[in-house]
Amino acid sequence: MDKELKEIFDSGAFEGRITFDEPLSAHTSLRIGGPVDIMAFPEDPLSVKRVLEVVEKEGFPFFVLGAGTNLLVADGRIEGIALSLEALRSIEPTRESNDRHAVLFAGSGVPLAMLVNLARKNGYTGLEALTGIPGTVGGAVLMNAGSFGSEMKDLIVSVAVMNGQGEIEILDKESMNFSYRSANLPAGSIVLSANIKLGKDNPDEVDRRTKEFLRRKKTTQPLGEMSAGCVFKNPEGDSAGRLIEDARCKGMRIGDVEVSPLHANYFINKGGATCSHFLELMDVVRARVKEGCGIDLEPEVKIVGRN
């Protein structure tokens, strides 16, 4: 069957790798997740389109994995195709760059840390507060990633997306409806790239600000631990971490999943965590917060193949 499926991909315009029974625990920041039937690593937009053609023809379920940094994957087998855009890593200035600002083209698979580091070294300002956020440019756009009052929407000029029919559309910032932790893209959209506008400043000053933001994050967030980032969205005007701490959930543990003693909205894999234990801890924490203050926390982490 694996050979037959590989021939299906090879029969069209596909460049990249195809693997079978790929353990998703190796591709998520939580190191949790069972094997997926098929994992595709296309190297260009035409190959992404080929994956969508196979999905449509064969009726496979599919999802975009990204860097797996805000993803919780079920312990059992995951049906269908996981699509990784890690090969789409181009970063280059566009013709709109000048002496006052730079507009950078960044592929969806570019690690956000790589983009922040490039900006730091070249004196591009605007990304400093996003240092320490894991994941890729595509995921950062899709989730409207933010920190210290700065969000991706503040930097976006335009985004290239592919719809479920394999058609590419360029969306300018004005046509996108960014909101808290969401770009509100049309359903089924796959982010291929983004044009990002950054100011220009003294590289030493950009470096200093970036390092200061990272220092502050390290004192309040478990950046070196296995986590999926924030588990719950912040309710309007409040902090999920504060609510969880007030509900006396800090340090709570089920199996090898622990509510971080440093930041209560981070759940940590202490070594042998499972998805089922993670979900169980989420349910307990939500119930305690609901009982304590009447607020029903909404998950920020995306769940695939829920048990």
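**Cysteines, a hairpin and a sheet**

Mentor: Gladly! Let us start with C293, which is partly exposed, because its relative accessible area is 40%. Keep in mind that this is a predicted model.

Trainee: How many disulfides does the structure hold?

Mentor: First the general idea: a disulfide is a covalent bond between the sulfur atoms of two cysteines. Here the structure holds 0 disulfides. C293 is in no disulfide, and the nearest cysteine sulfur, in C249, is 10 Å away.

Trainee: Is C275 buried or exposed?

Mentor: C275 is buried, because its relative accessible area is 0%.

Trainee: Now to strands. How should I read their pairing?

Mentor: In general, strands of a sheet pair through backbone hydrogen bonds, either parallel or antiparallel. In this model, strand β11 (residues 156-162) and strand β12 (residues 168-172) run antiparallel and are joined by 5 bridges. To follow one of the pairs, take V161: its bridge partner in β12 is E169.

Trainee: Which residue takes a positive phi in the hairpin of β11 and β12?

Mentor: That is G166, with a phi near 85°; the hairpin has 5 residues between the strands.

Trainee: What is S158 in contact with, leaving aside its neighbours within four places in sequence?

Mentor: S158 lies in strand β11. With those neighbours set aside, its contacts are I170, L171, D172, A194 and N195. S158 counts as buried because its relative accessibility is 12%, and the cut-off for buried is under 20%.

Trainee: In what order do the strands of the open sheet come?

Mentor: The order is β14-β15-β16, 3 strands with antiparallel pairing. β14 (253-254) and β16 (267-269) stand at the edges with a single partner strand each, so one side of each has no neighbour in the sheet.

Trainee: Which helix packs on the sheet?

Mentor: Helix α7 (residues 275-293) does, touching β14, β15 and β16. The direction of α7 makes about 30° with that of β15.

Trainee: How many bridges pair β14 with β15?

Mentor: β14 pairs with strand β15 (residues 257-259) over 2 bridges, in the antiparallel sense. Among the residues involved is I254, whose bridge partner in β15 is V257.

How values were computed. Residues are numbered from 1 along each chain as its sequence is written. This is a predicted model: local features need pLDDT of at least 70, side-chain atom pairs count only at pLDDT 80 or more; totals for chains, interfaces and linings use all residues. Side-chain values use heavy atoms; hydrogens and water are left out. Two strands pair if DSSP finds at least two bridges between them. Helices (H or I, at least four residues) and strands (E, at least two) are DSSP runs, numbered from the N terminus. Buried means under 20% relative accessible area, exposed over 50%, partly exposed in between (1.4 Å probe, protein chains only). Contact means heavy atoms within 4.5 Å. A disulfide is a pair of cysteine sulfur atoms within 2.5 Å. Axes are lines fitted to C-alpha atoms, for helices over the stretch in contact, and angles run from 0 to 180 degrees between N-to-C directions.
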